[in-house]
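User: Please examine the structure below and answer some questions on how its parts are arranged.

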Amino acid sequence: MPNDSERHMMLVAFLQASNCSNYTGSWRHPETDPGFMDLEFYQNIAATLERGKFHLAFIDDRLAMPSRFGDSFEEAVENGIRVVKLDLVPVITAMGLATKHLGLGATYSTTYFSPFHVARLFSSLDHFTNGRVAWNVVTSLNDSEAQNFGVPKLLEHDDRYDVADEFMQATVELWDSWEDGAVVLNKQTGRFADPEKVHRVDHSGEWFQVRGPLTVPRSPQGHPVLVQAGQSERGREFAARWGELLFVIYPTPEACKAYRDDLRQRAQSAGRDPDSVRIAPAVYVVVGETEEDAQSKLEQIDNLANQTDSLALLSEVFNYDFSQHPVHEPLSDEILASMTGLRGFLDRVTELSGTANPSVNDFIQWSGRGTLRELPLFAGTAPQVADQMESWFRSEACDGFVLAATHMPGAYEDFVSQVVPELQSRGLFRKGYSEGTLRDNLGLPRP
Ligand SMILES: Cc1cc2nc3c(=O)[nH]c(=O)nc-3n(C[C@H](O)[C@H](O)[C@H](O)COP(=O)(O)O)c2cc1C
């Protein structure tokens, strides 16, 4: 690893192709651009991020509206709780057309798509963008998504990771089915490509059968950069095997550092260079010209949240209908065990609340879901925000940050115009892009 004075942080934008940012109440913010159905909305954000020399703009995904709460989508639609989710491929394609260097990440689920489909898609995108593409590998998390794909119930948590392991194996085999230099394209000899350098895959496993080869020649990055966010025991095992950029949610630098140390160790045990996994916690930033200015912006944003947002999003993420219980009633072990969504998030609630049987109120308070407290919040002037980022980064809690937006596109405009120059002047963040692919810019090896 480079010594501390040379270490630069990685900056990633945490985007949604949605009516709201990660902060659900954001759509009610007076400065929010309502153009979330327009190509220009996404292209403008991409241009801002590129101006700020961000490594990657990554877009999350969900394959259903939140509809676990009260077994209905009505509250979600009424309140605009992440009910719009555009398909990400046209979105990142549009963003790629508006930029030259910015990395572009899209989320795709290993539970509902097939390896051939995903391998072909990301390989094609990697060609079109000259090697700027990343795939956020997720296993999906609730029955509403399952039911949009003809499956009555979501698979159990650890089983989803078993499927995902095989999915990745098959996908990587497909990407490797064309060697570098296979395309000859010699019009004189009539030789298009060298069949010795193109291979069948013949993957036959428990979940997937695919013959191959892929119908796309090897892409500029070899494999698109792999993003992952596993935090549970099984999720970490998966992340250490496949993940390159690992996005996490931890409330303190100490907790994040413990994860980072663990993941680096696990990666090494799996025969990988620990520097080939980069850990970035998701955070919110509210920056103002003065401390008072930041504080009043923060209050304005805070006031946009409501309890229905929290309950709908908790039900979604835990795959459990939280409308069934009085809010003060401790939830039984059976109920907690039946929550098949994000296990890591449940650990957070039990740990922070100090009770093994949290109530609905504990879930609301300690998960912070639907509020700014869900993620660490760095608020203040640009130097104050930079101090907090510097402290996490220098203590080796992380390799960079995944910046969630309090509102769009203002949160990124403020960050780029105010915080980025401060980080640059401290030598913590780069001043320009390197030539080459997203992998080259991240210093990740080409497979
Ligand atoms: C920054 C970040 C972004 C995520 N984006 C998505 C997403 O777009 N879609 C999704 O289904 N899950 C998403 N997740 C959830 C993760 O895929 C993962 O399930 C979660 O971090 C919990 O880990 P576990 O499954 O090992 O318990 C995200 C998590 C984080 C920290």
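**Helix packing, ligand shell and domains**

User: At what angle do the axes of helix 6 and helix 7 cross?
Analyst: Helix 6 (residues 157-175) and helix 7 (residues 233-242) have axes that come within 9 Å. Helices (H or I, at least four residues) and strands (E, at least two) are DSSP runs, numbered from the N terminus. Axes are lines fitted to C-alpha atoms, for helices over the stretch in contact, and angles run from 0 to 180 degrees between N-to-C directions. The crossing angle is roughly 10°.

User: How are helix 6 and helix 7 oriented to each other, roughly parallel or roughly antiparallel?
Analyst: Angles under 35 degrees count as roughly parallel, over 145 as roughly antiparallel, 65 to 115 as roughly perpendicular and the rest as oblique. Helix 6 and helix 7 are therefore roughly parallel.

User: Which residues of helix 7 make the contact with helix 6?
Analyst: Two residues are in contact if their C-beta atoms, placed from the backbone, lie within 7 Å. Helix 6 contributes His-157, Asp-158, Tyr-161, Ala-164, Asp-165 and Met-168. From helix 7 come Arg-234, Gly-235, Phe-238 and Trp-242.

User: On what kind of model do these answers rest, and how is it numbered?
Analyst: This is a predicted model, in which local features need pLDDT of at least 70, side-chain atom pairs count only at pLDDT 80 or more, and totals for chains, interfaces and linings use all residues. Residues are numbered from 1 along each chain as its sequence is written.

User: Which residues are the closest to the ligand?
Analyst: The ligand is surrounded by 22 residues, counted when the C-beta atom, placed from the backbone, lies within 6 Å of it. Strand 4 (133-138), strand 10 (245-248) and helix 12 (343-353) each supply at least two residues of this shell. The closest residues are Asp-60, Ala-229, Ser-232, Gly-235 and Phe-247.

User: From which domains does the shell around the ligand draw at least three residues each?
Analyst: The domain assignment, whose bounds come from an automatic or database source, gives two entries, domain 1 and domain 2. Each of them supplies at least three residues of the shell. They are domain 1 (10-290 + 376-442) and domain 2 (306-369).

User: How many residues of domain 2 are in contact with domain 1?
Analyst: The C-alpha centres of domain 1 and domain 2 lie 26 Å apart. In the contact between them, domain 1 takes part with 20 residues. For domain 2 the number is 19.

User: Which helix gives the largest share of the side of domain 1 that touches domain 2?
Analyst: The share in question is 3 residues. They come from residues 74-79, which form helix 2.

User: Which residues of helix 13 make the contact with helix 12?
Analyst: On helix 12 the contact involves Phe-345, Arg-348, Val-349, Leu-352 and Ser-353. On helix 13 it involves Asp-362, Phe-363, Trp-366 and Ser-367.

User: What is the omega of the peptide bond from Gly-212 to Pro-213?
Analyst: Most residues other than glycine have a negative phi, and most peptide bonds are trans. Pro-213 is in the loop between strand 8 (209-210) and strand 9 (225-228). The bond from Gly-212 to Pro-213 is cis, and its omega is near -5°.
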